[in-house]
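Please keep the sequence and the structure in view while I speak.

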Amino acid sequence: MGAGRSAPGTATVTIQRNTVPSGTYYLLACADDTGLVTESIENNNCRASGTTVRVPGPDLVVSAVSNPPGSVLVGGSFSVTETVLNQGDAGGVASSDRYYLSLNTTYESGDKLLTGTRSVAALGAGASSTGTAPVTVPATTALGTYYLIVCADGGGAVQETNELNNCRASGTTVGVTN
């Protein structure tokens with residue numbers, strides 16, 4: 001192409017599923033993206049779109065969780081019934097839920113992981129899954145009063161539009177005793 005000339009055109013692009021995390025993006029158009037042409041200025045070859053494009057994705061949340069028993073022995077077990085909802089605008093892959101004991105109603109990295117998980121089949125947009133799982137309080141758990149925390153997609157298998165809203169606390173506490 002000669003100096004001062006342009007070559008307008010149209011391109012159709014396809015975003016492959018799971019290529020990028022779901023969310024909102026600008027589209028970049030870049031000339032000589034592979035660097036084949038030696039230019040006097042190499043850092044001005046890209047331009048962002050004036051509008052954004054939304055890549056749909058799943059968003060798993062725990063929409064309901066049963067309350068734990070009033071007390072449980074260290075090493076003891078109880079059952080948890082909970083519902084996972086995909087409130088996103090696209091389906092996700094299969095995942096598993098994890099259960100924790102927490103001193104407050106917010107999941108934090110120091111919360112005590114309970115033994116037991118629940119497998120959740122792939123959920124389409126707007127779909128939900130309800131199930132019950134037995135959980136066991138590890139023998140290393142300190143005695144005290146805890147909230148039960150349920151986290152959807154506890155293993156991080158699903159790329160979601162929001163990874164920060166997966167957990168929900170029970171409405172009551174459980175006392176861990178010996």
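I begin with D89, which forms a salt bridge with R54, the closest N and O atoms being 3.3 Å apart. The term salt bridge here denotes a side-chain nitrogen of Lys or Arg within 4 Å of a carboxyl oxygen of Asp or Glu. Strands are DSSP runs of E with at least two residues, helices are runs of H or I with at least four, and both are numbered from the N terminus.

Before I continue, two remarks on the source are in order. This is a predicted model, in which local features need pLDDT of at least 70 and side-chain atom pairs count only at pLDDT 80 or more, whereas totals for chains, interfaces and linings use all residues. Residues are numbered from 1 along each chain as its sequence is written, and side-chain values use heavy atoms, with hydrogens and water left out.

How many salt bridges does the rule give? The count comes to 3. Let us now turn to R118. The side chains of R118 and E82 meet in a salt bridge, with 2.9 Å from N to O. This pair links distant parts of the chain, for R118 is in strand 7 (residues 112–120) and E82 is in strand 5, 36 residues apart. Both R118 and E82 are buried.

R118 also meets the side chain of D97 in a salt bridge, at 3.5 Å from N to O. Here too the pair links distant parts of the chain: D97 is in strand 6, and it stands 21 residues apart from R118 in strand 7. R118 and D97 are both buried. Taken together, E82, D97 and R118 are linked in a network of salt bridges.

I move on to the disulfides. A disulfide is a pair of cysteine sulfur atoms within 2.5 Å, and a search of the whole structure finds 2 of them. One joins C30 to C46, with 2.0 Å from S to S. Which parts of the chain does this pair tie together? C30 lies in strand 1 (residues 23–30) and C46 in strand 2 (residues 46–55), so the parts tied together are 16 residues apart in sequence. The link of C30 and C46 is right-handed, with 115 degrees about the S-S bond. C30 is partly exposed, with a relative accessible area of 31%, and C46 counts as partly exposed at 46% relative accessibility.

Another disulfide is formed by C151 and C167, their sulfur atoms 2.0 Å apart. This pair links distant parts of the chain, with C151 in strand 9 and C167 in strand 10, 16 residues apart. The torsion about the S-S bond of C151 and C167 is about 110 degrees, so this disulfide is right-handed. C151 is buried, at a relative accessible area of 4%, whereas C167 is partly exposed, at 32%. If we number the bonded cysteines of the protein chain in sequence order, the pairing reads 1-2, 3-4.

Let us next consider D153. This residue is in the loop between strand 9 (144–151) and strand 10 (167–177). D153 has a positive phi of about 50 degrees although it is not a glycine. D153 is buried, with a relative accessible area of 5%.

N86 counts as buried, at 0% relative accessibility. What does the side chain of N86 reach? It reaches the backbone nitrogen of D59 at 3.0 Å, and the backbone nitrogen of G88 at 2.9 Å. Leaving aside its neighbours within four places in sequence, N86 is in contact (heavy atoms within 4.5 Å) with residues including P58, D59, L60, G91 and G92. L123, G124, A125, G126 and A127 are also among the contacts of N86.

Methods. Buried < 20%, exposed > 50% of the residue type's maximum accessible area, 1.4 Å probe, protein only. Polar contact = N/O pair within 3.5 Å; in protein donor to acceptor, adjacent residues only side chain to side chain.
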